[in-house]
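Subject: Structure handover

Dear colleague,

Here is the structure you are taking over.

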Amino acid sequence: MQQNDLVKKFLASSLLLGALVSPTKSYALEQRYKLPPIDREDKNRCQISSSNMGQANAARDKLYDLRECDMKGQSAAGKDISGVIAADADFSGVSFKEAQLSKGYAKNSKFLKCDFTNAVVDRAIFEDADLTGALFSNAVLSGTTFTGANLKDTDFSDSYLGPFDLKNLCANPTLSGKNPVTGVDSKESAGCIDL
């Protein structure tokens, strides 16, 4: 009888420990990014501004939150907007030429026909974003995630992606078509032909 109780206690403690140490996949994804509430009282929140810190390490004096903003018609060219939280925003047509966008979080955002030429867009997250017609010519994209993003008609000519990043990019089924500005084939520009 004691051995049976010992086995039950061992199994119960193992199950409890397993649940605490390795949470379910959905729990882990749910907890991945816990963002603060949007400050809707800030009337200047939806404006592109460069970092006052002068470095591409997402160092700012306050949270740079552009979530749910309509940014069409603005320009980020040459600006440091590293660390921006830009989920569910619309940046369609915005120029990001020579901009710093390190560690940006832009899940579910629109970047239709945006120009990222010569930009540093490393460790950014474009998960489920629409980048149709975007131009990433000579951009640094190391560690950047395009999971579930729409990459139709994008141009990645001369951009830098690490081998792992390139493999993930080339696996995206929407990487197709030709960029409307350069006329370059999307897969070819990314270097996916030889993979």
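How do the residues of the lining of the largest cavity divide into nonpolar, polar and charged? They come to 11 nonpolar, one polar and no charged. (Ala, Val, Leu, Ile, Met, Phe, Trp, Tyr, Cys and Pro count as nonpolar, Asp, Glu, Lys and Arg as charged, and the others, Gly among them, as polar.)

This is a predicted model, in which local features need pLDDT of at least 70 and side-chain atom pairs count only at pLDDT 80 or more, while totals for chains, interfaces and linings use all residues. Residues are numbered from 1 along each chain as its sequence is written, and side-chain values use heavy atoms, with hydrogens and water left out.

The structure has one cavity of 30 Å³ or more. The volume of the largest cavity is about 60 Å³, and its lining includes F91, F96, F111 and F126. (On a 1 Å grid over the protein atoms alone, a cavity is a set of points where a 1.4 Å probe fits but cannot get out, and a pocket is an open set with protein on both sides within 12 Å along at least five of seven lines; lining residues have an atom within 4 Å of a point. Volume is the space filled by probe spheres set on the points, which are joined across faces, edges and corners.)

The second largest pocket has about 170 Å³. Three nonpolar, six polar and one charged residue line this pocket, among them F164, D165 and N168.

Regards
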